[in-house]
Structure formats: structure tokens, C-alpha cells
Amino acid sequence: YEYGTGGTLGSVYTLVPLDNRAMAIGAGNQNGIAVTYSLDASSKPSTKTYAWGNNAYYAISPNNTSTLRTPTEMLGRDNTAIIGGGDSIYTIDKDSQLKISGLGDHGQLANGSEDHGQLANGSEDNSTSMVPYSEFAKNDGTTATDAIGASSSRNGAHSLYIDSNGSVWSVGDNTSSQLALQNAGDKINVAQMIGAEPTILVKEREILAKIDKQQNIGNIIDIKGSFNLFSSADAAATYSQEFDVWDSNVATVDSNGTVTGKTVGQTYVQIKIKDSADNVINTLYVLVSVVPDKDE
């Protein structure tokens with residue numbers, strides 16, 4: 001019913017039955033979305049948001065209809081300016097409020113839970129407590145009232161939005177690190193800013209060392225600067241590394257990251273990444289396995 005005509009047949013020129021002219025359109029996972037525009041008798045503008053097709057996860061409407069055959073108004077989505085989505089549908093209104101509805105199994109509704117159906121109450125029944133949308137929540141306790149753009153994956157499993165400062169926020173599925181958040185786990189359910197801290201890449205997580213032989217591990221850490229830069233000071237930020245070893249009987253490490261094997265065994269080198277204010281922004285570990293020299 002993606003055509004919105006009440007049936008399953010259509011053509012490339014099928015006309016969607018809308019009451020007024022459309023000013024924006026979008027397409028989700030087997031559904032369509034449109035924003036209509038009209039003027040009343042006093043020339044006051046009015047917009048309405050409609051969607052049709054797949055409603056399996058209540059992205060369009062909080063009732064229990066899995067398929068909506070004709071355009072249905074999305075409640076609470078007045079003055080919409082930007083629309084999009086997949087199994088979850090987002091809208092941004094003229095006041096930059098970001099709202100989202102639909103599938104939430106990866107936390108992509110940004111409401112602090114991993115439920116779908118827009119219950120916002122920790123359950124998944126079809127009760128009257130269902131609400132038509134969630135306000136996009138951020139990890140600082142506020143909601144996204146400053147959105148100027150957004151985008152979702154094809155199935156809506158994760159979303160990104162950009163705020164009026166040019167900062168990028170992400171939420172939802174992170175199984176392939178698509179949220180650009182280090183150590184965030186497979187999913188997050190409130191939006192977090194990305195690119196505010198440097199990206200730290202470790203070329204090796206384990207090294208082999210020989211007794212009384214030196215090996216430098218300071219060069220296996222690659223620190224990339226952030227892309228959410230707000231000032232020249234941010235752009236010029238520098239980062240340092242501080243090294244320590246768990247068991248100095250097995251190996252030692254100096255301030256430059258040079259490891260020296262002492263006796264056969266294993267230990268970890270701890271690497272603290274610090275900013276210019278000496279704040280620890282990440283801690284990494286490299287396994288050091290000390291092996292005997294082949295001539296011994």
C-alpha cells in the first residue's frame with residue numbers, strides 16, 4: 001500500500017490522494033510521507049503531515065493497524081519542515097523540534113528505552129498509553145529543539161541529526177560502529193554528540209617482546225582530531241600519551257613507550273590518552289608477551 005491509493009496496484013505516475021498541495025515528501029520502509037501546505041480564509045498558513053503504507057511498528061499511527069491504505073495524518077506533527085526515516089519516521093518542525101516514532105529495538109527512538117510502538121512507558125502492549133511520537137532526547141538531559149537536519153538508515157535502525165551549532169548527534173544501532181562512538185556498545189537509546197573528542201586508533205593490541213630487547217609501542221597509537229570544532233583552541237588541541245605497565249618483572253616501559261622484556265611471561269601496558277589540560281580522555285591496553293630469544 002505504498003501508493004496510498006487504497007490498493008496494492010499502481011504505476012510510476014500514481015497520484016497520492018492528498019487534500020492540499022505537498023511541500024515536502026519522504027519515503028520510509030514500505031511507506032510514504034508528505035507534508036501539505038494550505039492557507040485559511042485569513043491567509044494564515046497551515047501544514048499537516050501525512051503518511052501511509054507500513055505501520056507495523058506504529059511509525060505512522062499509534063493504533064494497532066499494521067497497514068494504512070490511504071494517507072493518514074500523523075498526530076502532533078504540525079508545522080513540519082523536514083521528514084524522513086525507515087521503520088522509524090522523524091520530523092523536524094519550524095521551531096527545530098525533532099520528533100520520531102516507530103521501531104525502537106536498537107534505542108533509535110532516543111527516548112531512553114528500547115521499545116517500539118511509541119509507548120514511552122517501558123512496555124510493548126497496544127494500550128491507550130501509547131503516544132504518537134517521542135521527542136528526540138540527548139544524553140545531556142535535554143531534547144533536540146535545535147535540529148536543522150537529520151538522516152536515518154534505510155530501516156531506521158540508527159539516526160543522525162545536526163544541530164544549529166553544526167554539531168552531529170547519533171543514536172540507535174551501533175553493531176558496525178556506525179554511531180561513531182568509541183566504547184558505546186551495540187546500541188544507545190539517547191542521542192550523543194559525535195566528533196567532540198578525538199578518534200583513537202590502535203594498530204596493534206598485542207606485541208611480542210624479547211628479553212633485554214627494546215620495542216617502541218608509542219607509534220601504534222593514531223590520534224585523529226575531532227570534527228566538531230568550536231574555536232581555534234579546539235582546532236589546535238594536542239594530545240599526549242602516558243605509559244605504565246602492570247608487572248614490571250615481566251617487562252618495563254618508559255615515558256616514550258619503549259618496552260623492554262625482562263623475563264618470559266605476559267603483562268599489559270596501560271596507555272592513558274590525555275588532552276592539553278591533562279584530562280584523561282581514554283585508556284587503552286596492549287598485551288605484551290615476552291618470549292625467549294631463539295638463541296637461548
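Two strands are taken as paired if DSSP finds at least two bridges between them; helices (H or I, at least four residues) and strands (E, at least two) are DSSP runs, numbered from the N terminus. The structure is a predicted model, in which local features need pLDDT of at least 70 and side-chain atom pairs count only at pLDDT 80 or more, while totals for chains, interfaces and linings use all residues. Residues are numbered from 1 along each chain as its sequence is written, and side-chain values use heavy atoms, with hydrogens and water left out.

An open sheet is formed by four strands in the order 14-21-20-17, with mixed pairing. Its edges are strand 14 (206-210) and strand 17 (240-245), each of which pairs on one side only. From one strand to the next, the twist averages 30°, where axes are lines fitted to C-alpha atoms, for helices over the stretch in contact, and angles run from 0 to 180 degrees between N-to-C directions. Strand 14 is joined to strand 21 (residues 280-291) in the parallel sense over five bridges. Within these strands, I207 stands opposite V288 of strand 21.

Aromatic contacts were assigned between rings of Phe, Tyr and Trp (its six-membered ring) with centres within 6.5 Å; planes under 30 degrees apart count as stacked, over 60 as edge-to-face and the rest as tilted. Relative accessible area was classed as buried under 20%, exposed over 50% and partly exposed in between (1.4 Å probe, protein chains only). F136 counts as buried because its relative accessibility is 1%, and Y161 is likewise buried, at 1%.

A further edge-to-face pair is that of W246 and Y285, so classed because the ring planes stand at 70°, with centres 5.7 Å apart. W246 is placed in the loop between strand 17 and strand 18 (251-253) and Y285 in strand 21, so this pair ties together parts that are 39 residues apart in sequence. W246 is exposed, at a relative accessible area of 57%, whereas Y285, at 34%, counts as partly exposed.

F136 and Y161 also belong with W169 to one aromatic cluster. Over the ring of W169 sits the charged end of K138, 4.6 Å from the ring centre; this assignment requires NZ of Lys or CZ of Arg within 6 Å of the ring centre and within 35 degrees of the ring normal.
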